[in-house]
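Subject: Structure handover

Hello,

Here is the structure for your set.

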Amino acid sequence: MPSPWKRVTFSAASVLCTGSVVLLVVALSTERWVTGRILCQTGVDIVNASHPELDQFVGDIYYGLFQGGKTKKCGLGSRRSKIYIFPNLVQTLNGGLHMMVILFLLVAIGFALVSLSFSIYNARKVPYQSIKGHKGLYLWNLIAGISFFGALGVLCFLSAMRHHGLTERVANYKENLFSLVILDDSLDWSFWLGVGSVGTHIAVCGVVAMSRVKLPKPEIKKPEEPTVSAVDLLY
């Protein structure tokens, strides 16, 4: 059985790994990876709108890895519509980059679950193989963090967003009558949840390192044995 200190630290690591899995799943499934403002250029050109009137033609857009929504204002009031990335819209985007983002997120979730199982194992038993102990936990958390943050999932998504006009393509999908221009777009909380999961893996590595600290054992004083002197023997 591991020592009480190791049980506490590995239990804390298990909680952090669970938090990472939750953050990644929420990031993967929610629709707020990118939010932005869209201008109905067709409506502006029709009425020859000046600067003070442009606000009447400014809508908003938001989307995630699977779906989203937009509100366009083209002089006929606000019109809301739902955006579905699969199965058709992804064919007009850079589908390879989009699928790579999803793939690396799934890999990160998988290794976060592996790290969770190893943390629980170390909290209950003393591993007889190094890969099941500290070294394994360092490795799985490193892979999980790199899968999302290091030059993989994040950079693929940023590349699609910035250099391939991702938001503009999403906004103008199936728009036959109106042309929508992106005024601005930015990463939203769904994306930053995934980044936050990297912080949990760093914290797990720190907790695992703390588990190797040997706490001083309390010294138990032995009861002093009574000394028998020569005087005591006379009696």
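The notes below go through the strands, the annotated spans, the backbone and the aromatic side chains.

Please keep in mind that this is a predicted model.

Strands. S1 covers residues 34-40, and six of its seven residues are buried. It pairs with two other strands. With S2 (residues 58-63) S1 runs antiparallel, joined by six bridges; Gly36 is placed opposite Ile61 of S2. With S5 (residues 180-187) S1 is also antiparallel, over seven bridges. There, Ile38 has Ile182 as its bridge partner.

Annotated spans. The unreviewed UniProt entry gives "transmembrane region" for residues 96-116, 137-160 and 189-211. In the model, residues 96-116 are 100% helix and 0% strand, with 30 Å between the end C-alpha atoms. Residues 189-211 are likewise 100% helix and 0% strand, and their end C-alpha atoms are 33 Å apart.

Backbone. Two places may be worth a look before you set anything up. The peptide bond from Phe86 to Pro87 is cis, with omega near 5 degrees; Pro87 belongs to helix H3 (residues 85-92). Lys174, which is not a glycine, has a positive phi near 60 degrees. This lysine, Lys174, lies in the loop between helix H7 (166-171) and S5. Its relative accessible area is 63%, so Lys174 counts as exposed.

Aromatic side chains. The structure contains three aromatic pairs. In one of them, the ring centres of Trp33 and Phe191 are 5.7 Å apart and the planes stand at 75 degrees, which makes the pair edge-to-face. The two residues are 158 positions apart in the chain: Trp33 is in the loop between helix H1 (4-29) and S1, while Phe191 is in helix H8 (residues 189-211). Both Trp33 and Phe191 are buried.

Phe191 also pairs with Trp192, again edge-to-face, at 5.0 Å between centres and 85 degrees between planes. Together, Trp33, Phe191 and Trp192 form a cluster linked by ring pairs.

Regards

Notes: Residues are numbered from 1 along each chain as its sequence is written. This is a predicted model: local features need pLDDT of at least 70, side-chain atom pairs count only at pLDDT 80 or more; totals for chains, interfaces and linings use all residues. Side-chain values use heavy atoms; hydrogens and water are left out. Buried means under 20% relative accessible area, exposed over 50%, partly exposed in between (1.4 Å probe, protein chains only). Helices (H or I, at least four residues) and strands (E, at least two) are DSSP runs, numbered from the N terminus. Two strands pair if DSSP finds at least two bridges between them. UniProt positions are given in the numbering used here, feature names are shortened, and annotations may be inferred rather than shown by experiment. Rings of Phe, Tyr and Trp (its six-membered ring) pair if their centres lie within 6.5 Å; planes under 30 degrees apart count as stacked, over 60 as edge-to-face and the rest as tilted.
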